[in-house]
Amino acid sequence: MPKLLRPARSFGCGLLWLLLVFAGAAAGRPAFSVAAAAQPSALGDPFAGVVEQTLDNGMRVLLLREPRAPLVTHQVWYRVGSRFETVGRTGLSHLTEHLMFKGTEKYGPKVFSRLVQKAGGNDNAFTSRDYTAYFQTGPASELRRWMEMEADRMRGLKVTEEAFATEQKVVLEERRLRTEDDPVSFLVEEVYAAAYKAHPYQWPIIGWYEDIRSLTLADFQAYYQTYYQPNNATLVVVGDIDLEATLKDVREVYGALPRGPEPPRPTAREPRQFGERRVRVEREAQLPYVVMVHHVPNWQHPDCFALELLARALSQGKSSRLYQKLIYTDRLALEAGADYDLDTADPSLFMLYGQPLPGKTAAQIEAALVGEIKRLQTEEVGERELAKVKNQATAAYYQAMDSLFFRGMLLGRLETVARWTLAREFVPKLQAVTGADLKRVAGHYLVPANRTVGVLVPLKTDKPRREGFRPGHEIQ
Amino acid sequence: MWTSAARILLSLLAVVWIHFPGPSAAAGPPPLGEREVLPNGLVWLFSEQRSVPLVAVNLLLKAGALRDPRGREGLAHLTALLLTQGTKKRTATQMAEEIDFLGAKLSAGAEEDYAMVSLTVLKKDVGQGLELMADAVLNPTFPPQELRRKVQQLLASFDSDEDEPMVIARRAFDQRLYGQHPYAFPPKGTPQGLKAIQRQQVVEFHRHLYRPNNAILSVVGDISREEARELILKYFGGWSPGRIPELTLPPLPPLSRPETQVIDKKITQANILWGHLGITRQNPDFYAFQVMNYILGGGGFASRLMDTIRETRGLAYSVGSTFEPGLEPGPFYISLETKTENAGEAVALILKEVERLRAEPVSDTELADAKSYLIGSFPRRLDATGKRAALMAYVEFYGLGLDYPGRYAEIIQGVTAADVLRVAQQYLHPERYLLVVAGDRNRLPRLPGLVAAQEEKEKDDAEN
């Protein structure tokens, strides 16, 4: 079912990469040789065989043959997400994603997912701040049909007033479920709203409640016509495919769509922050929660690689710093971690978070998180620890590549927010990061003046009252 | 090559399974992998998968929460969690550091029916990974301070669970449905049970149940069978077998009429859970039940519940039906979250769909679509090393046989509309069910099924 996807943890990296043979496929390569695009070797670069094309209508195409099973993942990525929305109209990208399942002239309402599932496939879609993506995964024999269906709904969606109103209700339920009734999600939403004042990353992907309620069919139609164009999309196919035949199908099906007007690009830039910002959420909840974010650069800046390793040193695995200190040794936190995504369209946030154990306080968690930041700023990360985080990144990378879907997702996401070839440059650059880099970057970005702190303050801590069991009555 | 003993064993198993309507061995998809029993009784399963340089290893132990003694709920899970928290060779911190240095993942925990220790490791580190895994499984020391630490963390997690209404609803649902039976409690236990557990009980639990003749090991990935076998023999060959205590379980309490339970929380949605007991995994009706469940609410957008409740009326973001067949009859339930005021309408629609399924046969299209989905989606259950390793262990545990993929397709193909109608009538009970609603009691609509709860509330209000 359509759902929001919190941008997944960014891709990993690795020592092993240095041992690999790079089999060509430089960016912008106009044609391909099927021989060069053979199955990647077992220890090889999982993207060695990527074939890239740009259709005449501007649509980007990335194909990767991976014949381990007779399966394929077919994904269409649009460069549109909540970053493209405006005040008062938030949530439009996500609502559009839902409406994309409402059918076309050729494939009526409810037909789309049924056709996919009938063949044993699954399909879904997700919206982020930077992109909206649609996918089908399943038997490779279905690929041509899926192309025809996606191409059809890229330009031919039919949404009635009634369908719009129903889906608006569904999305309001989704918002209640995800945020209104979840105190920690609510806190994270407040923190983003405080950390960004000029950039659209300030609002939630799903949109503000009242915005969702007031969106109209006309809003949707204008948005759809603006962004659902081949020249604003990337097609990704990974799986058991014949490259020549697939490329022929792609040209026939997607190539038949006319190029649309160039969609506008958001231009907002978040200005520098001067001084710590704090938000407090007082709600019914059992335990407090602390979230701490800092403005940091994304993939466009070389410091992103050190930030990536800092996040792993802080929170990947049970030997990580936050686990060892806050959870294991000091028995302060039920949960603690750090998070950073370098593959975002605009500069992102470096987050630390923690939830105190009962009897401990939010202030203690905050002090402990700040203590770990200070340690990174004053002591260089040792050689063994640096090697460890690089090893963890390597393994995480291959673990992610175990899934066809994720391989496609990485290509689609990178191509949409940056360029897919970043996947191949990433590792050598990460290997070059030194202990001194980590110390410098922690000292530069993770400072109070660049920080927003959010605290969830539980309004009451008594458990909900549960009634005894008693027989009810039948309903009609 | 397999040993001749293993070959004989495999052929014996084939005889045992002969009552299943299966295709000939040559016709269907290839078996999931190979199977061998070590002299100490350890069943190990193997499948070579070379597409990524990883090896996934799963060790399933017949030591799940079903083995929790009454009053010590959480013992099985706690024992599994403590495997990596100190061994004869390593402290908890040393073990964490060594696992992380390899970039490996080693995790352990218990489900209802079994405990599972899982390892994912780069092929180049597979020897070190297995050594760590074996150390955790064979030599845990259960240090008292680590036990206290884990219990403290688990106790705190019950607090944070209170902020997840569906989790709370599910807990109340299971407790009523299962009474004194271990399925009444989540595998992580209960606060009372965890507080009562003594270290010696953990030691005994491990000593009795963590035995090779009570375990299934599956190895999948970028490794040859010979290499894998050598490593398995090296690290698990010396594991000594033991006598496995009998498992005795209390009877399940009856549910003879509709019962409603409201859990008051100041939230905007009603979190609704409707259902009753389901079936065991060994029940021959499993397959017809699965087809029925797909059509009712297991099939996402292809299901009747999603169509009625979400697509037509926009009442919920998600609605579905689930059955959790285990060694014992797991629950069957329908769940959804909807705006508090719509709770009654949603429950009425659930009942209507359940009754319809019992009253009239499903259409030919629905039946054909469900069957083709279930058969066609099977390969996706095997498309990653970790998934394959887990499925192999599951198939062995429930006695389904490594030729399961082929037989599965055959059995599903044979399910008829009459079978679906029969299982709906036999196993779905719109006249005796349990309804749990977590939500804002003051704003829940006054509806027949909720009358008792409402009256109770008004009584409370009068008293306060």
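How many residues of domain 1 of chain B are in contact with domain 2 of chain B? In this predicted model, 34 residues of domain 1 of chain B touch 35 residues of domain 2 of chain B.

**Two domains in chain B**

Chain B splits into domain 1, residues 30-236, and domain 2, residues 259-463. Going by C-alpha atoms, the centres of domain 1 and domain 2 of chain B are 29 Å apart. On the side of domain 1 of chain B that touches domain 2 of chain B, two or more residues each come from β2 (43-48), β3 (54-61), α6 (165-178) and β6 (215-221) of chain B. The top contributor to that side is α6(B), with 10 residues. Sort the residues on that side of domain 1 of chain B by class and you get 21 nonpolar, seven polar and six charged.

**Two domains in chain A**

Chain A also has a domain 1, residues 3-253, and a domain 2, residues 277-458. Their centres, again taken over C-alpha atoms, are separated by 26 Å. Here 44 residues from domain 1 of chain A and 49 residues from domain 2 of chain A take part in the contact. On the domain 1 side of this contact in chain A, at least two residues each are supplied by β3 (60-65), β4 (71-78), β6 (132-139), α5 (183-195) and β7 (233-239). The largest share of that side, nine residues, belongs to α5(A). By class, the side of domain 1 of chain A that touches domain 2 of chain A has 28 nonpolar, nine polar and seven charged residues.

**Where the chains meet**

Now for the contact between the chains: 67 residues of chain A touch 79 residues of chain B. Among the elements of chain A that give at least two residues each to this side are α2 (111-118), α4 (161-180) and α12 (383-401). β6 of chain A is another of them, and that strand also supplies at least two residues to the domain 1 side of the contact inside chain A. The side of chain A that touches chain B is made up of 25 nonpolar, 19 polar and 23 charged residues.

**Two helix pairs**

Two packed helices are described by the angle between their axes and the distance between the axes. Here are two pairs to find in the structure:

| Helix pair | Axis distance | Angle |
|---|---|---|
| α9 (304-315) and α15 (435-445) of chain A | within 9 Å | roughly 90° |
| α10 (286-298) and α11 (304-312) of chain B | 5 Å | about 5° |

A306(A), L307(A), L309(A) and L310(A) of α9(A) meet D437(A), L438(A), V441(A) and A442(A) of α15(A). Seven of these residues are nonpolar, none is polar and one is charged.

The pair in chain B packs at about 5°, so α10(B) is roughly parallel to α11(B). I295(B), L296(B) and G297(B) of α10(B) make the contact with R304(B), L305(B) and M306(B) of α11(B). The contact has four nonpolar residues, one polar and one charged.

**A sheet in chain B**

Finally, chain B has an open sheet of six strands, in the order β1-β2-β6-β3-β5-β4, and its pairing is mixed. Which strands are at the edges? They are β1 (34-37) and β4 (105-110) of chain B, each of which pairs on one side only. From one strand to the next, the twist averages 15°. β4(B) runs antiparallel to β5 (115-122) of chain B, and six bridges join the two.

Note on methods. Residues are numbered from 1 along each chain as its sequence is written. Chains are lettered from A and ligands numbered from 1 in the order in which they are written. This is a predicted model: local features need pLDDT of at least 70, side-chain atom pairs count only at pLDDT 80 or more; totals for chains, interfaces and linings use all residues. Domain bounds come from an automatic or database domain assignment. Two residues are in contact if their C-beta atoms, placed from the backbone, lie within 7 Å. Helices (H or I, at least four residues) and strands (E, at least two) are DSSP runs, numbered from the N terminus. Ala, Val, Leu, Ile, Met, Phe, Trp, Tyr, Cys and Pro count as nonpolar, Asp, Glu, Lys and Arg as charged, and the others, Gly among them, as polar. Axes are lines fitted to C-alpha atoms, for helices over the stretch in contact, and angles run from 0 to 180 degrees between N-to-C directions. Angles under 35 degrees count as roughly parallel, over 145 as roughly antiparallel, 65 to 115 as roughly perpendicular and the rest as oblique. Two strands pair if DSSP finds at least two bridges between them.
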